[in-house]
Amino acid sequence: MIKKGILASSFQSSSINSQYILDVYGDAASAFSLRKLSQYYTGSAIRVRRSSDNSELDIGFDATDSLDEVSLSSFVGSGNLFLFTEQFDNAYWAKQRVTVTANQTPAPDGNTTADLIAETTGTNTHLIQNVSSATLLESGSNYTLSVYLKKGPGAGAPDIMQLILTTAHFTSSLYANYNINTGTVVNSAGAITASIEPAANGFYRCILTAQCTTYLAGSVVMPFLAFTNNNSALGRLPSYTGATNRNVFAWGAQFNEGSTAQTYASASSVQVGSGYVTTWYDQGGSAFNATNTTSSNQPVIVNYGNIKKTGIRPTILFNGSGDTYLITSGYTITQPNTTLVVAKNMQSTFVAARQIYIGLTNVQRLSQAATTGFLQLATGAGTAASTTSIGTILRSFYVLYSGNNSQLYTNNNLILTGSGGLPGGGSLSNISIGGNTTANNFEGGISEIIYYNFNRNNTRAGMESNLNTYYTIYSYPTTFIYVLYKIIHYSIYY
């Protein structure tokens, strides 16, 4: 007989369940998330270091018990991939058939820091670009380029200037031509959004937004600002013979993640507007916090002013090329043990095995295989691989390590039953979230990871449902069978 209220609770409990998974499925050995996992937890979610001055701040939760994005954004500030954003004469900016004279006129902020950029008489393109520098660009994300321009004093000073983006990570045809005399966008090509805004002291802010098409975690040269022979009809990076009396005032170069130009963020030798996770706090009650004190190995939570997300929820972005990871130590989890994970791989090619987590002392791990991207479980004794590629979608994972009975579920589907090297071997200690400390690190976002030192198969469906409710990972069938399952599930366990 079904108890009174069970039918209602099967539909109403999802919102409670989604916020407080540890209040329903407790006894976690350790638990890390960007949402509050228990209504009784009083600590913060993460500790963040901002790139501008290396200051750190604990970031907690908002009124809905999700990550406090307002406090995070306020602390980190506006983002800018570029350096020396008001010093185009600096060696950071490569000049191709142009010259730069520093500090020639008052900039939009009132200081005399706007530079004069002029063509040379060379024949070819006339542009300025940054030298190769460390960059993190995510395929599918939007990025916005902007700069303040004003017509120069030369007899041939052009009305028409061009903004462009690198063809290595954006489509090859992208550009926009701007009339900096009338304040209009006069020509463009490619899937872009181009706009121009008036600013102080006769300047216009020229803005170009486009979607990254190729993931990058490394260095890149970014073509940026080009002359056009004062011809609005010319396409990307036109070639012609220049003239020294063609010049333009420029100030405030900015490249931020997102679909709009953020409030201008000045930068010199230090990149601004990014936030890195130094500590992921353990909400499981044992204070086994996951930490990393090495700046270059800390994963990203804010990239060039934009909070990293998978879907609508924040995530911590681990950069496999930069060997980013967070280590929690002080305890050992033996078999049988259970791990819940929410993660999204960002890399579309699988040139190397990538580990979502690994025990550094005892190498039990969840990873993807090289070449195929097949998800797999492994210990020091061997590997059991599925035939399901990790792909580039948001996934929940339910991992049971229990000898020959080991199992791997993703998005509520069983894809692997343990065999081969799994029996009798492997435990978790000195856990590294995001992969090994030297190689094979995960390239993507991890939003939640919970460890249990026992078999949780009897509550697996409810736990995965909890993850799906909060993160919107996959769709459940809206059939009577599913509704009946929910009623029975809650009547048994609650």
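This report walks through a predicted model, from its overall make-up to a few local features.

## Ground rules

Residues are numbered from 1 along each chain as its sequence is written, and side-chain values use heavy atoms, with hydrogens and water left out. Because this is a predicted model, local features need pLDDT of at least 70 and side-chain atom pairs count only at pLDDT 80 or more, while totals for chains, interfaces and linings use all residues.

## The big picture

The protein has 5 helices and 35 strands. Helices here are DSSP runs of H or I with at least four residues, strands are runs of E with at least two, and both are numbered from the N terminus. Of its 494 residues, 56% count as buried. Buried means under 20% relative accessible area, exposed means over 50%, and partly exposed sits in between (1.4 Å probe, protein chains only).

Now for contacts, meaning heavy atoms within 4.5 Å. Take those with a separation of 6 or more: residues 24 or more positions apart account for 70% of them.

## Helix α3, side by side

Helix α3 covers residues 69-76, and its buried residues are Leu72, Phe75 and Val76. Looking down the axis of α3, these buried residues fall within an arc of 90 degrees, so they line one face of the helix. (The arc is that of the directions from the helix axis to the C-beta atoms.) As background, an α-helix has 3.6 residues a turn, so residues three or four places apart point the same way. On the face turned away from the buried side of α3 you'll find the exposed residues Val70 and Ser74. The cover over the buried residues of α3 includes strands β2 (46-50), β3 (56-59), β18 (275-280), β20 (300-303) and β21 (306-307).

Both ends are worth a look. At the start of α3, a side-chain oxygen of aspartate 68 comes to within 3.4 Å of the backbone nitrogen of valine 70. That is a polar contact: a pair of N or O atoms within 3.5 Å where, within protein, one must be able to donate a hydrogen and the other to accept it, and residues adjacent in sequence count only if both atoms are side-chain atoms. After α3 comes glycine 77, with a positive phi near 90 degrees.

Glutamine 262 sits in the loop between β17 (247-257) and β18, yet glutamine 262 is buried, with a relative accessible area of 15%. Its side chain reaches the backbone oxygen of glycine 305 at 2.9 Å. Leaving out residues up to four places away in sequence, glutamine 262 touches Ser78, Gly79, Arg205, Gln254, Asn256, Glu257, Tyr304, Gly305 and Asn306.

Arginine 365 belongs to strand β28 (residues 365-368) and counts as buried at 17% relative accessibility. Setting aside neighbours within four places in sequence, its contacts include Gln355, Tyr357, Gln376, Thr383 and Tyr401. Arginine 365 and isoleucine 433 are 68 residues apart in sequence, and 9.9 Å apart in space from C-alpha to C-alpha.

## Cysteines and the cavity

How many disulfides does the structure hold? It holds 0 disulfides (pairs of cysteine sulfur atoms within 2.5 Å). Cysteine 206 is buried at 0% relative accessible area, and cysteine 212 is buried at 1%.

A search of the whole structure turns up 1 cavity of 30 Å³ or more. On a 1 Å grid over the protein atoms alone, a cavity is a set of points where a 1.4 Å probe fits but cannot get out, and lining residues have an atom within 4 Å of a point. Grid points are joined across faces, edges and corners, and the volume is the space filled by probe spheres set on the points. The largest cavity holds about 30 Å³ of space, and its lining is Leu34, Arg35, Arg313, Pro314, Ser447, Tyr470 and Tyr471. The elements giving two or more residues to that lining are β23 (313-314) and α4 (460-471).

Most residues other than glycine have a negative phi, and most peptide bonds are trans. Aspartate 27 has a positive phi of about 65 degrees although it is not a glycine. Aspartate 27 lies in the loop between α2 (21-24) and β1 (30-33) and is exposed at 68% relative accessibility. Asparagine 54, in the loop between β2 and β3, has a positive phi near 65 degrees and is partly exposed at 46%.

Which residues does a cis peptide bond join? Glutamine 335 and proline 336 are the pair, with omega about 0 degrees. Proline 336 lies in the loop between β25 (326-333) and β26 (337-345).

Conventions:
1 Å grid on protein atoms, 1.4 Å probe; cavity = no way out; pocket = protein on both sides within 12 Å on 5 of 7 lines; lining within 4 Å.
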